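Visitor: I have a model open and would like to go through it with you. Can we take it piece by piece?
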Amino acid sequence: MSENGIRKVIIIGGGPAGYTAALYSARANLEPLVIEGFQWGGQLMITSDVENYPGYPDGVLGPQMMQDFRRQAERFGAEFVTDDVTRVDFSSQPLRVWTGEQEHRAETVIVATGATARQLGLPSEQRLQGRGVTYCATCDAAFYKEKTVVVVGGGDSAMEEALFLTRFASKVLLVHRRDAFRASPIMVDRVRANEAIELVLDSVVEEVLGDEKVEAVRVRNVKTGETTDLATDGIFVAIGHDPTTALFRGQLDMDDAGYLLTDGKSTVTKAPGVFAAGDVVDHVYRQAITAAGMGCQAALDAERFLAARDGGEPQPLVEEGALATPRNW
Ligand code: NAP
């Protein structure tokens, strides 16, 4: 930290993006402070086996992987505050970040606060998380070879997950609370045409059943009031995600769903010195590996920004807006 108490880098968020940004900026001697959140680790803390992160050929438990990420950043001098950020002021330099009454100041801030998968809000869902209740088919579908699974939701994510799961599971029950879908018609057509998928419409999940692992899902038909227990090996909840961006409203640009907007493929936000990485920006790929990659990009972007302030003439890594592609969905 500099003598006037202003850090070079503060990282907000303790998931794959935040810890990777910490690792890179620590190794660049930027002495980052990571305000990792009271519940650090992010979405990986509610998953069990991670088999798709390169470098772990035998798989790894999500929480263990996050501890490994954190330890690696710590090894190079990253410091951690295990608390939640309550307020930020990015309107001028130095940038200011508060945890309660405590003010932290920095020349650059990397926002890596992630997103949370929406949950059904059932105690039984919480109890069986990582033991059959999951929020990511890309991550967990392969565990359900020749099994029966339930997918909940009626948007494009639910359709995509149901279709993807049919490559592994022998039967997919798609439970949706209405009889009309929010998903695009083409996705709904594909789901309807797939014989491995059975639609359970006008139905809400009332309880996830099972002691040690998911055994069934109790659904109630909202039109008839009838409840049915659907035997299943797993439940994929695909009812959307919420980016953690309430703190930044009015300070950083966001899209309609609250995801932060960055310039082109860079991590540059509209506030000078503020960069954003991981699921707080990316609502498409949402993987630990892609978030980690963006965390690296943000650290490099912050490093370039600091070098420019110090009078150097760094080349931008990504030209302004050069790589932006229009979104077609
Ligand atoms: P979404 O479009 O917001 O859909 C969420 C779905 O979950 C809705 O059907 C909603 O039901 C249901 N739902 C919400 N809360 C629920 C609850 N508490 N209990 C039961 N059901 C609940 O979210 P998404 O599917 O994740 O998609 C997000 C965005 O990404 C969309 O713009 C989507 O088009 C896009 N996306 C596109 C693709 C693709 O094109 N390949 C793939 C994935 C996502 P209601 O309909 O009744 O509200």
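Guide: Let us start with helix α5 (residues 156-165), where A158, M159, E161, A162, L163 and L165 are buried. Buried means under 20% relative accessible area, exposed over 50%, and partly exposed in between, with a 1.4 Å probe and protein chains only. Helices (H or I, at least four residues) and strands (E, at least two) are DSSP runs, numbered from the N terminus.

Visitor: What do the buried residues of α5 pack against?
Guide: They pack against the helices α4 (137-140) and α6, and against β11 (148-152), β12, β13 (197-200) and β17 (234-237). Contact here means heavy atoms within 4.5 Å.

Visitor: Before I go on, what are the ground rules for the model?
Guide: This is a predicted model, in which local features need pLDDT of at least 70 and side-chain atom pairs count only at pLDDT 80 or more, while totals for chains, interfaces and linings use all residues. Residues are numbered from 1 along each chain as its sequence is written, and side-chain values use heavy atoms, with hydrogens and water left out.

Visitor: OK, domains. Where are the bounds of domain 1 and domain 2?
Guide: Domain 1 covers 6-116 + 241-309, and domain 2 covers 119-237. Such bounds come from an automatic or database domain assignment. The C-alpha centres of the two domains lie 31 Å apart. Seven residues from domain 1 and ten residues from domain 2 take part in the contact.

Visitor: How much area do domain 1 and domain 2 bury between them?
Guide: About 690 Å², with 49% of it on carbon and sulfur atoms. Buried area is the accessible area (1.4 Å probe) that two parts lose on being put together, summed over both. On the domain 1 side, I46, E51 and Q287 supply 51% of the area buried against domain 2, more than any other three residues.

Visitor: How many salt bridges are there between domain 1 and domain 2?
Guide: Zero salt bridges, a salt bridge being a side-chain nitrogen of Lys or Arg within 4 Å of a carboxyl oxygen of Asp or Glu.

Visitor: What about D242 and R118?
Guide: Their side chains meet in a salt bridge at 3.2 Å, N to O. D242 is in strand β18 (residues 241-243) and R118 in the loop between β9 and α3 (123-127), and the pair links distant parts of the chain, 124 residues apart. D242 is partly exposed at 34% relative accessibility, and R118 is partly exposed at 36%.

Visitor: Which residues are linked in a network of salt bridges?
Guide: D89, R96, E103 and R105.

Visitor: Switching topic: where does T113 lie?
Guide: T113 lies in the loop between β8 (102-111) and β9 (115-117). Its side chain reaches the backbone oxygen of T244 at 2.8 Å. Leaving aside neighbours within four places in sequence, T113 is in contact with I12, G13, T244, F248 and V280.

Visitor: Last one. Is F275 buried or exposed?
Guide: F275, in strand β19 (residues 274-276), counts as buried at 3% relative accessibility. Beyond its neighbours within four places in sequence, F275 has contacts including T108, V109, T267, A298 and F305.

Methods: A polar contact is a pair of N or O atoms within 3.5 Å; within protein, one must be able to donate a hydrogen and the other to accept it, and residues adjacent in sequence count only if both atoms are side-chain atoms.
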